[in-house]
Amino acid sequence: MLYYHRSIEATYKELQTGPNGLSSRDVKERLETYGHNSIQIKSEPLWRKLAEPFVNVFMLVLFIAAAISLFHHAIFDAVIILIIMATSAIIYYVQRFSTERILRSLQKHTTQRVEVIRGGETRYIEDSELVPGDIIQLNEGDKIPADIRLTAANTLRVDEAVLTGESAPVTKSTDTLEDNKEVYEQANMLFQGSFIVAGQATGIVVFTGNTTEFGRIAALSRKTSTDSTSPVQKKIDTLLTYIVMAVGGLAIGAFALAIWRGIEFTEAIRFVLALSVSAVPESLPVAISVILVLGMRRMAAKKALVRTMKAIETIGVITTIATDKTGTLTENKLSVQEHWQPRKARHELPAIAHRTINHHGEHTRDPLDIAMIEFTRAEKFVELKGEPIKKLPFDQAFSMSGNIWHHEGTYDLVVKGAPEQIMDRSHMTAADRTEAETALQGLTSRGYRVIALATGSVAKPVETFTDLSAKPLFTFVGFMGVADTLRPTARRAIQTAQRAGVTVRMITGDHFETAFHIGKQLGLIESRDQVFDSRQIGDMTEGQLRQRVESSFVFSRVTPENKFRILQVLKIKEVTAMTGDGVNDVPALSSAHVGVAMGSGSQIAKDAGDIILLNNDFESIIRAMKEGRIIFSNIRRMLFYLLSTNTGEVITALFSIGIGFPMPLSPVQILWVNLVTDTAMVIPLGLEKGEKHIMKMKPVSPTAPLLGRYMIFRVVLVALTMAALAVAMYIYFSLKYGAPYGHTIAFTALVVMQWANAFNARSTFQSFFTRLKVINKPFYVGLSVSVILQVLAVFGPLQGMLGITPIAIGDLFTTSLIAFSIPILVVEIHKFYGRRFVKLIVE
């Protein structure tokens, strides 16, 4: 129902109410029909929260591996795999509980008592008790508790920034409106969540709870199940699908090869099972969970609360940031940016500005009065004598407000308001008028909201502006250019993002000129054709809209619905992060791959966000993006390490059987290398510091695979090197000292090559020797643990369980030196060519 189209009488009739309000019986019936005046958003069910860590390809693979192990009575293998699954889930649950506990402490629900007329009597009730048809009275400073059709408005001005994104208050009236209007154009309506900054209002409650504009937007904050998987997780799932397919084919081939070579059936099954488990990087889920949790904790220390694990990995691969202006790039606080006076000015502008302020203004909610208070405090001027005796509220017909000052029997009326109205009522020559209009055009062209100031003498105090003479009365004083204050760090943060290859787009409810000016100040745009007036969206086809969105970096006059559509278009080709703080941002925050809410914003915006910036600083997004890129790089490091070493083990086994030799590693040795040695090294690799060029590289393309051709080639290179060395050593020492001796040499050589490969994995492009200067304490702790475990395996009590034969120290030293050096040498050559490639990209 569009109540702004309806007259006051038609609204009374529609809602079966009147100036005397509802009866007690009506209220009771309507509470039963409409419910309480509160926003109800369906929360995520418990079963989904419990199931979430298990709903991915990785967990499915591990579950199948555990089931096969149990079927073949490999209890030890199955227990280890189930422990890995449980550990990953527990980490997820603990982190989620911790984050939700912090969020609960941020939620501040305060009830509000409101003045209503019921049964002809004025009463005060809780805002949750309001029902459609109630007659409500509101005053300056009140928060609007429901959607209201105005029936009376006395110099009423309302701050609707939470809904529209506009910092400047809007003037309201009771006039019936024609044609369809956007929220910011509905001058006879008040919307839940807004604030009255001046005047008084009476109106009819037309919508409550979820049916309000606030509630309607809130309903869009529920994310669909298709949005629950992050782009990085999709890449991992795709890679795992390929791995599972390859392992399936490998298992069939390996089993056939083993039987052909005469291996006993049961032993062949055990071999294939061990080989299959070896090929799958089982430790990766736990490793990713741990590094994401630690990344979330690092971000929390930097005042960025990450609500979901997927957000911290996704923000590392974002390609565009769509940011709200108000409260994100700006401080959501008006300030006087510039001021101008005529050459022949008779008064100091700051002194007159001081006189126009509401001098009960220390507690005012009017953003303009607050801006002028700060302006006059910062300026040096001679304060005029006298005292304020009368306030003239803002009068829409005159487009001005003022104060009357008294001093020694004289009365001065000082006013502020619309430039044209004040100039029309001021004594100005043609030359004065031309000079002022030129200055006015200059200020408006820079996107400022311009306020004119004037002063004049009156014979006696007046009650309203209509009591003034129609003749010019005032002496024109000058102009003030007012605008939302930019955050000091915003431009620098935008430049950092742009250097990192991430585009930044500003989405605002402001007028075209204001949006253009601010976009230019921030370095987002250079010309007007890069600004898109979103009111044109309704006249465009999907193809036209997509083309326009792709070429625009500032969007003006944006409604919540249009913001949502813009995000949907961007998501077709981009990985998007959306920032915002108001109710108007909720649909877009929910739609984006990563929603970033301001800590000082509305509760519903924080509920819709994946990351909450507790310090409200846009620069924190860039820090989060850097952290995400480091994590994404580390996930790639871990994958490279696990895939190259696991593939090396598989090739070693298959090649040995293929050339007629027994398996160089027994199934239990394969599991030891894969589940014990790998696990000790993979998590520390996920804690590496970022490489120096990480914020100079372009973001990863949304369609690019997790591991590109460059890294896939390195995986193959390392795997073949490991297999060649292990098989060569196995054959040599088996022929010289017997198969058990060769088994032990191959086993220790593979472990040492994994240590060498861990050093290789520490950096994609930096040399092994350069990276040694970057201290990663967890890496050396993990290496120490792995070395100790291997010493226990070779020389300690685990010899019997793993089938280890005592070997000469000289052979162990020589083979270990070769096993450590050659993989590093091979990768150093590959990195050398890779660095030339990176230099071209960065430069």
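Trainee: What percentage of the 843 residues in the protein is buried?
Mentor: Buried residues make up 55% of the 843. Keep in mind that this is a predicted model.

Trainee: How many helices and strands does the protein have?
Mentor: There are 30 helices and 21 strands.

Trainee: And what does the C-alpha trace span along its principal axes?
Mentor: About 120 × 65 × 50 Å. The protein exposes about 36,500 Å², and carbon and sulfur atoms supply 59% of that area.

Trainee: Let's do a sheet. In what order do the six strands of the open sheet come?
Mentor: The order is 10-15-14-13-12-11, with antiparallel pairing. From one strand to the next, the twist averages 20°.

Trainee: Which strands stand at the edges?
Mentor: Strand 10 (330–340) and strand 11 (387–395) do. Each has a single partner strand, so one side of each is left without a neighbour in the sheet.

Trainee: What holds paired strands together in general?
Mentor: Strands of a sheet pair through backbone hydrogen bonds, in either a parallel or an antiparallel way. Here, strand 12 (residues 400–407) pairs with strand 13 (residues 410–417) in the antiparallel sense over eight bridges.

Trainee: Which residue in strand 13 is the bridge partner of His-406?
Mentor: Tyr-411.

Trainee: Which helix packs on the sheet?
Mentor: Helix 16 (residues 430–445), which touches strand 10, strand 14 (449–458) and strand 15 (475–486). The direction of helix 16 makes about 5° with that of strand 15.

Trainee: New topic. How do the axes of helix 26 and helix 28 cross?
Mentor: Helix 26 (residues 739–761) and helix 28 (residues 777–795) have axes that come within 11 Å and cross at roughly 175°. Angles over 145 degrees count as roughly antiparallel, and the two helices are therefore roughly antiparallel to each other.

Trainee: Which residues meet there?
Mentor: From helix 26, they include Phe-747, Val-751 and Trp-755. Among those in helix 28 are Phe-779, Leu-783 and Gln-790. The residues of this contact divide into 11 nonpolar, three polar and no charged.

Trainee: One more. Is Val-247 buried or exposed?
Mentor: Buried means under 20% relative accessible area. Val-247 has 11% relative accessibility, so Val-247 counts as buried. The residue sits in helix 8 (residues 231–260).

Trainee: What does Val-247 touch, leaving out residues up to four places away in sequence?
Mentor: Ser-276, Ala-279 and Val-280.

Trainee: And how far apart are Val-247 and Thr-489?
Mentor: They are 242 residues apart in sequence and 50 Å apart in space, C-alpha to C-alpha.

How values were computed:
Residues are numbered from 1 along each chain as its sequence is written. This is a predicted model: local features need pLDDT of at least 70, side-chain atom pairs count only at pLDDT 80 or more; totals for chains, interfaces and linings use all residues. Side-chain values use heavy atoms; hydrogens and water are left out. Axes are lines fitted to C-alpha atoms, for helices over the stretch in contact, and angles run from 0 to 180 degrees between N-to-C directions. Helices (H or I, at least four residues) and strands (E, at least two) are DSSP runs, numbered from the N terminus. Angles under 35 degrees count as roughly parallel, over 145 as roughly antiparallel, 65 to 115 as roughly perpendicular and the rest as oblique. Contact means heavy atoms within 4.5 Å. Ala, Val, Leu, Ile, Met, Phe, Trp, Tyr, Cys and Pro count as nonpolar, Asp, Glu, Lys and Arg as charged, and the others, Gly among them, as polar. Two strands pair if DSSP finds at least two bridges between them. Buried means under 20% relative accessible area, exposed over 50%, partly exposed in between (1.4 Å probe, protein chains only). Accessible areas come from the Shrake-Rupley method with a 1.4 Å probe; for residues, only the protein chains shown count as cover.
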